[in-house]
Amino acid sequence: MWLLDVRAVLGREKDIQEVDAEIEVLKWLDDKSTSYAIVSHRWGTEVNYGEMTGLAAMEVRKRDKVRERDGYQKIIRSCKQAEKDGYSWLWIDTCCINKDSSAELSEAINSMYRWYRNAQRCYVYLGDVDESTFPIEQDFSKFGKSNGWPEWFSRGWTLQELIAPKEVEFFNKNWVSIGTKQDLTSTLEDITRIPSEVLSERVAGQYPSVAQIMSWAADRKTTRVEDRAYSLLGLFDVNMPMLYGEGSKAFQRLQLGIIRVSSDHSIFAWNPKGQLGQRGSVLADDPSCFRGCHDIERVYPYDFVDSLRSYMRQDILGRTIDRVKLVLLRRRMRSVQLSRWDVTNLGIQMTLPVLSDRRFSDDFTAILPCRDRYGNLITLDLESHGNSVRKSGFHEDYNGFPEFRSLYLDFSGHNGQSHFDLRLDDSRTSWYGFTRCGTFPLEVAGDTMRFSSQGHTLTVLVYVNNDTGSRFAVGLGYYLQFVRAGVFCDECPAARSWYRPCLDPDATGVFPPPGEVRPAQPAAAGPTYVPMPPGPTILSLTH
C-alpha cells in the first residue's frame, strides 16, 4: 500500500519554496509489518495521487491553488496529528491510491477493509461538526440531509471504516478530538444500529448474520451505484474484480460471492414483512432491501427442527405433528444437504423444507433456518418458473407436513417492476370549490406521481374548500405491486376511511374502477364517510 511519509509531507510544506522537486512523500510498504495511522472522512475538494507526488514540481500559481483546497489542509492536519501520536506513516484514500491504474484501484478496494483493520489508529474527520463535543442527539436543522447525524454516518464506505479499526478517534472540523469509538459505543449503536458488541469487539458466540450486516448499509449512500456493493466486500470477506459501469449487477455479484463462501440463509431473508412487494429473483436489488433485518439471526441445524416444530404449532395448519415424519425431518436437518449450496446455470441449488399451497400446485413456501427477535422463522414464498423457482406473492393456505425439496432458486434479472407511474387529473375539484393545499411527504411535480418499491411508496393529497370549511384527503400507497387508495374526511368524528385495493400495475385505464375518486358530501351531523356513492367525477388517476 502507498503510505504518506509524515515527516516528508510536513517538511515539504514548511519549506515549499526551497524543497527539492524530487522529494518522495509516498512509499510502498507492507500493511502487516508497518505501524501507521489511517484517515476516514467525507470527500470534498481533494488532492489526488498525481497532485500529491508532483506538488513540489508544479508552477507556483497552480501549486498554491492545490494547497488552498480543503482536501490538502486535511492531509496536513492529519499528518500533524499522526506525528503528535508518534506515527511515521499515514494512509488516506484521496492521494494514497493511484486511480489512473485500474489494477491498483481494484487491489485497493479489495484490500481496504484489511488496511483499516491493520491500522494502529483511525482518525475520523467530521467536517460538518463545529462543536467541541460529539453530537449525542439527532439535529435535523443542522444535519437534515443525513437523518439528523453528521454526514459521515450516511456514507457507504464509512461503514467498514467504523467497524474494521481497533482504535477510532473522532475529530471536529477544527481537528479537535471529540471522542473515541470505545467511549462513544452506546451513541454509535443508536446512530448506526450496529450492536455495541461488534463495535467494541466483544462478540461472544454467534456473529451477526448476513441480513443483519446488510441492514447496517440499508440507508447509506454512495456516489457510484457499484460502490454500494464494493464498499461491503471486506465485511463479508469476499473478493471480486471492479467493473464500474455494471450498475446494480455489482450487488448481485456480491451476493453470489457471499453464497459461495457461506451457508447463511439469511441472505434470502430480505424484505421480511413483504413491504417491497418484489417478485422474481431471490437476490436483493440493493442493500435497502434489507432494511428492517437488523434482528434476523441464523438458526443452526441442531436448533432448526425444534424451531420448525414450534412454528408449525403456532401456524394455521391445525394438524397433529406426525412423530415419524418429525424424526425423518430431524435427520435431514442434520445432514450436509441443508448447508450445501451450488450456483448453477439453472439457479442457486439448495435443499429446504417446503409447504405446498392447497390451491395452486406451482406455489409453495420454503422455510429458512433463520428467525427474527421473537423467534419466528423466516419464510420464502415461491412459485415454479420453468426448471427453477422464484419469489412470488403471499401464500397462506398451506397443505400437509413440510417436506425437504431440492430447489433451483432463480437469481436472474431484476425483481419485477421497481416503479409505477400515475397521472393525476384534479382540475375539476375547483368546480366544487376545492383546491389542493398540499401533498405529503413529497411535492407532486406536474401531473405525474411515481411510486417506487425502493423508497417512495406513499403520497397523501389534501384538498380544502375555504368557503365551507370542508376538507378531504386522498392517500395513495404502493404495496405488493398494487396501488391502494384511501379517502379521508375531517368531518368524520370517528377514524373511518374508504379503502380498496386497486389498479394492477400491469393494467391500464382509469383509477379506481369504474374511474373516480369522489369526496364524501358534507353533512350537518354524523359521519361523512361514504363508500363511493354515485356522483360527479372530480378527481381521476390513470396508469
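Cys122 counts as buried in this predicted model, because its relative accessibility is 0% and the cut-off for buried is under 20%. Cys79 is likewise buried, with a relative accessible area of 0%. The cysteine sulfur closest to that of Cys79 belongs to Cys95 and lies 7.9 Å away, which is too far for a bond, given that a disulfide requires sulfur atoms within 2.5 Å. A search through the whole structure returns zero disulfides.

Turning to the sheet, seven strands form an open arrangement with mixed pairing, in the order E2-E1-E4-E3-E5-E6-E7. The edges are taken by strand E2 (26-28) and strand E7 (177-180), each of which has a single partner strand, so one side of each is left without a neighbour in the sheet. On average, and with direction ignored, neighbouring strands of this sheet are turned by 30 degrees against each other.

Within this order, strand E5 (residues 121-125) pairs with strand E6 (residues 168-171) in the parallel sense, over four bridges, and Tyr123 stands opposite Glu169 in E6.

| Helix | Strands touched | Angle of directions |
|---|---|---|
| H1 (residues 6-14) | E1 (2-5), E4 (89-91) | about 50 degrees with E1 |
| H4 (residues 70-84) | E1, E3 (37-41), E4, E5, E6 | about 145 degrees with E5 |

Notes:
Residues numbered from 1 in each chain as written. Predicted model: local features only at pLDDT ≥ 70, side-chain atom pairs only at ≥ 80, totals over all residues. Heavy atoms only, no water. Pairing = 2+ DSSP bridges. Helix = DSSP H or I, 4+ residues; strand = E, 2+ residues; numbered from the N terminus. Axes fitted to C-alpha atoms, helices over the stretch in contact; angles between N-to-C directions. Contact = heavy atoms within 4.5 Å. Buried < 20%, exposed > 50% of the residue type's maximum accessible area, 1.4 Å probe, protein only.
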